[in-house]
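The sequence and the model are shown below.

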Amino acid sequence: MNELQIFNNEHFGQIRTAMINDEPYFMLADVCRVLDIKDNTTARRRLSEKGVHSMRTLTNGGEQQATFINESNMYKLAFTSRKKEAEKFTDWVTGEILPTLRKTGTYSMQKTNPLEALQQIGQSINKTIEALVEQDRRMKNIETVTRVQNDRIGDMEKKVQLVYDCGTITHDNWRTHVRPLINQIAKYIPVLDNADRFSATWQESYRRLEREFNCNLTLRVNNKRERLRLAGATKKVIDKVNNLDIIGEDKRLIECYISILKRMVLEYKRAA
């Protein structure tokens with residue numbers, strides 16, 4: 001039975017999570033409660049089955065079967081929720097829950113005695129601070145530009161469009177939507193003076209994919225080109241192979257890349 005990791009927030013209450021196959025999952029019942037979704041069963045039908053997992057969970061009422069959903073499915077519910085706090089909820093997830101799960105591997109502690117609990121809280125805080133310092137260090141090379149303030153109304157319309165476009169990406173149409181979405185994110189991403197915003201956005205999305213999925217896109221591109229060369233493909237066909245072709249060959253890579261783009265939308269629209 002996977003160990004539950006519990007997050008608490010004064011506005012949203014308790015969110016129970018679990019790491020399943022090294023991927024963060026959220027208890028469907030908790031997410032539906034926060035987003036004011038009354039029918040959990042109907043909500044589940046709208047989700048990708050590959051991101052739904054049922055497991056035995058120990059609750060106050062004893063051991064019960066509970067449904068957990070992955071990050072991609074959680075975003076899908078948030079983007080379709082009419083509750084005005086949905087965006088604040090996703091901000092909390094991306095700003096606190098996911099970084100904590102990925103950097104420290106845990107959030108809540110088993111309470112034994114007050115002193116031991118305080119020591120564990122201190123250790124968790126220290127790890128979170130270290131993770132934030134490391135993240136800040138990696139971002140400083142692109143955070144030297146001060147953005148020009150845009151017209152507030154026009155800026156808000158662009159942000160709304162970003163969220164809409166992000167919510168329409170699926171496994172079937174992802175390549176159609178990815179490029180326009182990258183172009184929109186490029187309007188917000190911080191870059192060095194005279195840097196190519198669009199190139200920086202593409203490269204940042206690929207870097208995040210390689211880091212989170214532990215893969216080497218350049219190596220995979222070169223291997224595919226070599227296979228095509230041995231198969232007698234023309235130079236034009238070989239040279240056209242790119243990172244998106246490699247991502248499109250692996251459904252897990254597609255899902256991870258879509259998740260990364262969604263987080264980039266939330267991250268950069270929030271910072272703009």
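Helices here are DSSP runs of H or I with at least four residues, numbered from the N terminus. The model is a predicted one. Helix α10 covers residues 235-239, and both K235 and D239 lie in this helix, four residues apart, about one turn of the helix. An α-helix has 3.6 residues a turn, so residues three or four places apart point the same way. K235 and D239 form a salt bridge, with their closest N and O atoms 2.6 Å apart. K235 is exposed, at 62% relative accessibility, while D239 is partly exposed, at 42%.

The count of salt bridges comes to 12.

| Pair | N to O distance |
|---|---|
| D30 and R16 | 2.8 Å |
| K38 and D36 | 2.9 Å |
| K235 and D239 | 2.6 Å |

The side chains of D30 and R16 meet in a salt bridge. D30 belongs to helix α1 (residues 28-34) and R16 to strand β2 (residues 13-20), so this pair ties together parts that are 14 residues apart in sequence. D30 is buried, at 4% relative accessibility, and R16 is buried as well, at 18%.

Helix α7 (residues 174-185) has 12 residues and reaches 16 Å from its first C-alpha to its last. Its buried residues include W174, V178, L181, I182, Q184 and I185. They cover an arc of only 155 degrees around the axis, which places them on the same side of α7.

Notes: Residues are numbered from 1 along each chain as its sequence is written. This is a predicted model: local features need pLDDT of at least 70, side-chain atom pairs count only at pLDDT 80 or more; totals for chains, interfaces and linings use all residues. Side-chain values use heavy atoms; hydrogens and water are left out. Helices (H or I, at least four residues) and strands (E, at least two) are DSSP runs, numbered from the N terminus. The expected span of a helix is 1.5 Å times one less than its number of residues. Buried means under 20% relative accessible area, exposed over 50%, partly exposed in between (1.4 Å probe, protein chains only). The arc is that of the directions from the helix axis to the C-beta atoms. A salt bridge is a side-chain nitrogen of Lys or Arg within 4 Å of a carboxyl oxygen of Asp or Glu.
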